[in-house]
Amino acid sequence: MPLSSAPPASLKVLFATSEIHPLVKTGGLADVSAALPAALHRLGVDVRLLLPGYPQVMDGLKNKWVVATGIFEFGEVRVLSSVMPDSGVPVLVVDYPPLYRRAGGPYQDAHGRDWPDNALRFGLLSRIGALLGSDASPLSWRPDVVHCNDWQTALIPPLLYYAQGARAATLMTIHNLAYQGIFAPELVTHLGLPPESFSMHGVEFCGSLSFLKGGLYYADHISTVSPTYAEEIQTDELGFGLQGLLSERRQQLTGIVNGIDAHQWNPASDPYLAADYDAAKLGRKEANKSALQAWLKLDPDPAVPLLAVISRIAPQKGLDLLLEIAPALLELPLQIAVLGSGERSLEHAFLKLAREHRGKVSVTIGFDEGLSHLMEAGADIFLMPSRFEPCGLNQMYSQRYGTPPVVHATGGLADTVVDATAATLKDGSATGFVFEPFSAPEFLAAVQRALAAYGKKKTWRTLQKNGMGRDFSWEASAAKYLALYRSLIK
Ligand code: ADP
């Protein structure tokens, strides 16, 4: 059965992933897996997703049909074909109920414990990905590139390396280096890998089997979600033990910034706002500030600068710095609004601050999509002092909403925010305030620079308009991935 109506000459990409919005999501990988293939599809790439047949995937995809059946040492595995409901991107699903069809999350059970057979579950996903990228594929559709994402699909490059005959090129993308898929060495041969692959020059890492190490070692190319993070993961500080390998492979390591959903995050049509606006109607932003102050029970003052944080409250996000500078900041006429949840001790410290400064500080613990949109629109300045940040999204949303961000110069923050200096204000590139090193005095100084600029109406309008004019859409990033794929099959 023909699988697609894409033009015959287009580049073929198999995008292997363990989660996808809106079917199954635990983090940012799900958003990328939905948006990037959709953008590639619009660019004319013949891209197909490869997903495990979790219940959420089996139930969420209608009209599935079997395109291949394979006999493995443990049983029969079916590959089903379908189409993503929103984007129309074709999907291949690995259907093997004993490993995938169970209640709970994609990686963990309902109690937050990792599934004990995760090596087999994602080993099978990788084996099917490798099979479809090899000469032995049962399908007539052969990808030119297999794009692997995070550890769950990272055995595809080693498996393809040891496969017979012609094979697809491989790209291994790191979305989160902290999770590596580390398992007992005995599993190597149960996952279709030859024993000799278990070596320092292979899938071995500190005596264990590491899926991610294998992917990074054997992939034709590696990418991560921002150019600065691509540099940072080569250092002892942020390399999670893989800095040596990543640094050795730096010639084949590229950083490409994630895009944002430009429809969902558009102040001109955002249903969560009190008033829609764009760069030509920035005055209408004030109605959102009033609505936000009312929602959060902050003093109703249109002139006072309102600083916002929307974040997981985790050490990575550097919010301890905000607590440290809060006493100095709160001497000034300003308001602070925080939305987030996470580490209990930090949550309590923020709640205490709000109790001590009623009308001036508001802290909302929890996850609230609507409030997050109104905060991006109603605040004047956005704060994101992350210790490290592979890409980050909120700093891009805030620029699009005319709310210049104050950020630490790390990862995607360094790549997407241009510090306001005399020169960048003059050449029209300034969009926010960037500080380094990561320290309370530097953060405070950057916030003070932002407050001073806020006081100069013309400067502030320039900054807002510069940020609102930036192109953070997926189209720009997808074009970079396409160029990278092309370079791999030359
Ligand atoms: P990370 O993926 O590390 O948490 P990002 O900035 O890349 O950080 O993305 C976080 C996403 O989650 C953004 O879309 C942000 O708006 C959203 N978010 C985080 N915390 C909350 C919250 N408490 N309420 C609503 N949205 C939130």
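The model is predicted, so to speak of local features takes a pLDDT of at least 70, side-chain atom pairs count only at pLDDT 80 or more, and totals for chains, interfaces and linings use all residues. Numbering runs from 1 along each chain as its sequence is written, and side-chain values use heavy atoms, with hydrogens and water left out.

**Around the ligand**

- The ligand has 16 residues around it, and Arg312, Lys317, Gly366, Asp368 and Leu393 come nearest; to be near, a residue needs a heavy atom within 4 Å.
- Start with Arg312: an N or O atom in its side chain sits 2.8 Å from an oxygen atom of the ligand. A polar contact here is a pair of N or O atoms within 3.5 Å; within protein, one must be able to donate a hydrogen and the other to accept it, and residues adjacent in sequence count only if both atoms are side-chain atoms.
- With Asp368 the backbone does the work: one of its polar backbone atoms is 3.0 Å from a nitrogen atom of the ligand.
- On its own the ligand has 560 Å² of accessible area, and the protein covers 81% of that; areas come from the Shrake-Rupley method with a 1.4 Å probe, and for residues only the protein chains shown count as cover.
- Two or more shell residues each come from β13 (306-313), β14 (335-342) and α13 (394-400). Helices (H or I, at least four residues) and strands (E, at least two) are DSSP runs, numbered from the N terminus.
- β13 has the largest share of the shell, at three residues.
- Sorted by class, the shell holds six nonpolar, six polar and four charged residues. Nonpolar means Ala, Val, Leu, Ile, Met, Phe, Trp, Tyr, Cys and Pro, charged means Asp, Glu, Lys and Arg, and the others, Gly among them, are polar.

**The second largest pocket**

- Its volume is about 300 Å³, that is, the space filled by probe spheres set on grid points joined across faces, edges and corners. A pocket is an open set of points on a 1 Å grid over the protein atoms alone, where a 1.4 Å probe fits, with protein on both sides within 12 Å along at least five of seven lines; lining residues have an atom within 4 Å of a point.
- Of the 15 lining residues, Glu286, Asp380, Tyr454, Trp460 and Arg461 are closest to the pocket's centre.
- α9 (285-296), α12 (369-378) and α17 (457-468) each put at least two residues into the lining, and α17 gives the most, with four.
- The lining splits into seven nonpolar, two polar and six charged residues.

**Single residues**

- Ser210 lies in strand β10 (residues 208-210) and is buried, because its relative accessible area is 0%; buried means under 20%, exposed over 50%, and partly exposed in between (1.4 Å probe, protein chains only). The Ser210 side chain reaches the backbone nitrogen of Lys213 at 3.0 Å.
- Leu374, in helix α12, is buried at 4% relative accessibility. Its C-alpha is 7.7 Å from that of Ala274, 100 residues apart along the chain.
- Ala291, in helix α9, counts as partly exposed because its relative accessibility is 24%.
- Ile128 sits in helix α4 (residues 118-132) and counts as buried at 2%.
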